[in-house]
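Below are some comments on the model you sent.

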Amino acid sequence: MPARPLPAPSTAPGAPGAVGKAFLNVRDAAEYLGLSPQTLYVWRHRRQGPPSFRMGQRGRVMYRLEALEAWIREQEQADTRCNPVLSPLTAAPQHRSGYTASA
């Protein structure tokens, strides 16, 4: 099945079709994140992953595009490879208290 093109992000409130581009359903959100829809359903059940909500009478699970982007930034900051502040390679060496090195 060929991949459907994702909607381009649009933050302009007056832009035509901005509402349709501001929200993604589970399938589109999963494609945007490079995950399977099942992963998003499991994360939602476990209250993990990006924030989602139910929309409309049928209660479709939806994701705000800006919330997905914010969640991605949070994941990058939590990863020591992307955030030098958290990297153990740049941290000062830690010493055990009461430990003396013998010669």
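1. A convention is needed before the helix packing can be discussed: axes are lines fitted to C-alpha atoms, for helices over the stretch in contact, and angles run from 0 to 180 degrees between N-to-C directions. On that basis, helix α4 (residues 65-78) runs at about 60 degrees to β3. Helix α4 lies across both β1 and β3. Note that this is a predicted model.

2. Overall content. Four helices and three strands make up the secondary structure of the chain. Along the sequence their pattern is α-β-α-α-β-β-α.

3. Sheet order. The three strands form an open sheet in the order β1-β3-β2, paired antiparallel. Because β1 and β2 stand at the edges with a single partner strand each, one side of each has no neighbour in the sheet. From one strand to the next, the twist averages 50 degrees.

4. Pairing of β1 with β3. Strand β1 (residues 23-25) and strand β3 (residues 60-64) are antiparallel and joined by three bridges. Phenylalanine 23 has arginine 64 as its bridge partner in β3.

5. Pairing of β2 with β3. Strand β2 (residues 53-55) is also antiparallel to β3, with three bridges between them. On this side of the sheet, phenylalanine 53 has methionine 62 as its bridge partner, and arginine 54 stands opposite valine 61. The hairpin of β2 and β3 has four residues between the strands. In this hairpin, glycine 56 takes a positive phi near 85 degrees.

6. Proline 37. This residue lies in helix α3, which covers residues 37-45. Is proline 37 buried, partly exposed or exposed? The cut-offs are under 20% relative accessible area for buried and over 50% for exposed; proline 37 has 33% relative accessibility, so it counts as partly exposed. Leaving out residues up to four places away in sequence, proline 37 touches Val26, Arg27 and Ala30. The C-alpha atoms of proline 37 and asparagine 25 are 9.6 Å apart, and the two residues are twelve apart in sequence.

7. Burial and surface. Of the 103 residues in the chain, 19% are buried. The chain exposes about 8300 Å², and carbon and sulfur atoms supply 54% of that area.

8. Contacts along the chain. Among contacts with a separation of 6 or more, 40% come from residues 24 or more positions apart.

Conventions:
Residues are numbered from 1 along each chain as its sequence is written. This is a predicted model: local features need pLDDT of at least 70, side-chain atom pairs count only at pLDDT 80 or more; totals for chains, interfaces and linings use all residues. Side-chain values use heavy atoms; hydrogens and water are left out. Two strands pair if DSSP finds at least two bridges between them. Helices (H or I, at least four residues) and strands (E, at least two) are DSSP runs, numbered from the N terminus. Buried means under 20% relative accessible area, exposed over 50%, partly exposed in between (1.4 Å probe, protein chains only). Contact means heavy atoms within 4.5 Å. Accessible areas come from the Shrake-Rupley method with a 1.4 Å probe; for residues, only the protein chains shown count as cover.
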